[in-house]
Amino acid sequence: MTFTLARRAHKMNPSVIREILKITERPNMISFAGGLPSPETFPVQAMQEACARVLSQDGQAALQYAASEGYGPLRDWVAQELTSQGMHVGADQVLITTGSQQGLDLVAKVLVDAGSRVLVETPTYLGALQAFAPMEPRIEGVASDDEGVLPEALERQAEGARLAYLLPNFQNPTGRSMSASRRIRVTQTAAEKGLPLIEDNPYGDLWFDQAPPPALAARYPEGTVYLGSFSKILAPGLRLGYVVAPRTLYPKLLQAKQAADLHSPSFNQRVVAEVLKEGFIQRHIPTIRSRYRLQCQAMLGALEKAYGHTGDGGDDCLSWNRPMGGMFVWARLPAGLKAMDLLPIAVEQGVAFVPGSAFFAENPDPRSLRLSFVTPGLAEIESGVAALARSLEIARNRA
Ligand SMILES: Cc1ncc(COP(=O)(O)O)c(C=O)c1O
């Protein structure tokens, strides 16, 4: 049988990362590739106890179909938590989603037509490009520096664009963050131009020494759709995230959600609401932060040891940034080398990473690569960086 595919299906592509993750399943491979949170941070015992309480106190309701908006106490928690961080959110604006990835899919369905101009950072989160692509938009990269999009570039491109998709905190893939002043400029520009912002913030809680400045949604609530996730602060296998939408847009997102999956798993939502009771998250998140801070320091320290500088290697040496939180370091190969060509050599040496070109909407930088420091342990990070350095030497000698 030959199936005639819909036009949008032709726009769907396999995720390069998911393909690379298959390599990392080989024994003894040290993976800087996946964005997988450290399993050591998963609160297994708290989950176990919460599951038992939910089943004994509320078992039948927890296993029944439920409201598409999400479980009330969980929506309340999200609204209170975000309000305590400087946003003004009512629980009626919170839509619980099946991961924030579903939030991206719903936003794309509701806001993007074929041919719509969608603005993204350079580089940006690959999963967002995948979510937008089936809507057949024209995705445009906005010039960005180590603080995110340049306001002048955003201003030039804003006219007539449907939305700008932005990651202000410890961005995937680069680990960079937007300064407070950049946030002001970006939200002012968006408000002046009437440009909707999609603010994706799965990493904001994972800061090392200092909480990031308030969300874009705190400055521009009427025009910002905010996406959050429980994947990085509890566990990704729960598949729970949320969208906070201006009240004018909420009903359409809700209708898209109903069509997509009726509702996110009600059992998981109740378990998470139960786990979050009595300040659990305030005790739990600091443990993740200190673990990731140590792992990041281990990676930066190993890179310094291997290359003899703190990040800026010029054109002849590996360069890297120094993230203040999140899960990723962004690196750049010496001139003349390509990350895609380095990958098979690195895999032979026992280490994997993601070539950065996958994260660009246009004009990919073939020298860039993403290194995740959260999945391997400290000793593995050190030997993984040494293996990376060996593979770079081999690649240089071959070039
Ligand atoms: C920037 C960004 N947005 C969204 C997601 C999706 O997260 P989830 O669907 O697990 O909430 C990820 C996952 O890595 C991400 O990095």
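In which loop is the place of Asn-28? Select Asn-28 and have a look: this residue is in the loop between α2 and β1 (30–31). Keep in mind as you click around that this is a predicted model.

Most residues other than glycine have a negative phi, and most peptide bonds are trans.

**Stop two: a pair of prolines**

Now pick Thr-122 and Pro-123. The peptide bond from Thr-122 to Pro-123 is cis, and its omega is near -10 degrees. You'll find Pro-123 in the loop between β3 (117–121) and α6.

Next, jump to Asn-172 and Pro-173, which are also joined by a cis peptide bond, with omega about 20 degrees. Pro-173 is in the loop that runs between β7 (163–166) and α8 (180–193).

**Stop three: the largest pocket**

The largest pocket holds about 650 Å³ of it. Select Arg-18, Gly-35, Gln-101, Tyr-125 and Lys-232: of the 25 residues lining this pocket, those are the closest to its centre.

Now colour three helices: α2 (16–24), α5 (99–111) and α6 (126–132). Each of them supplies at least two residues of the pocket lining.

**Stop four: the ligand**

What sits in the largest pocket? Show the ligand, and there is your answer: the ligand sits in that pocket. Around the ligand are 13 residues, and the closest are Ser-100, Asp-200, Tyr-203, Ser-229 and Ser-231. Helix α5 gives the largest share of this shell, with three residues. By class, the shell has four nonpolar, six polar and three charged residues.

- Asp-200: an N or O atom in its side chain is 2.6 Å from a nitrogen atom of the ligand.
- Lys-232: here an N or O atom of the side chain is 3.1 Å from an oxygen atom of the ligand.
- Arg-239: a polar side-chain atom lies 2.8 Å from an oxygen atom of the ligand.

On its own, the ligand has 390 Å² of accessible area, and the protein covers 91% of that.

Definitions and conventions: Residues numbered from 1 in each chain as written. Predicted model: local features only at pLDDT ≥ 70, side-chain atom pairs only at ≥ 80, totals over all residues. Heavy atoms only, no water. 1 Å grid on protein atoms, 1.4 Å probe; cavity = no way out; pocket = protein on both sides within 12 Å on 5 of 7 lines; lining within 4 Å. Points joined across faces, edges and corners; volume = space filled by probe spheres on them. Helix = DSSP H or I, 4+ residues; strand = E, 2+ residues; numbered from the N terminus. Near = heavy atom within 4 Å. Polar contact = N/O pair within 3.5 Å; in protein donor to acceptor, adjacent residues only side chain to side chain. Areas by Shrake-Rupley, 256 points an atom, 1.4 Å probe, with all protein chains shown as cover. Sits in = over half its atoms within 2 Å of the grid points. Nonpolar A, V, L, I, M, F, W, Y, C, P; charged D, E, K, R; others polar.
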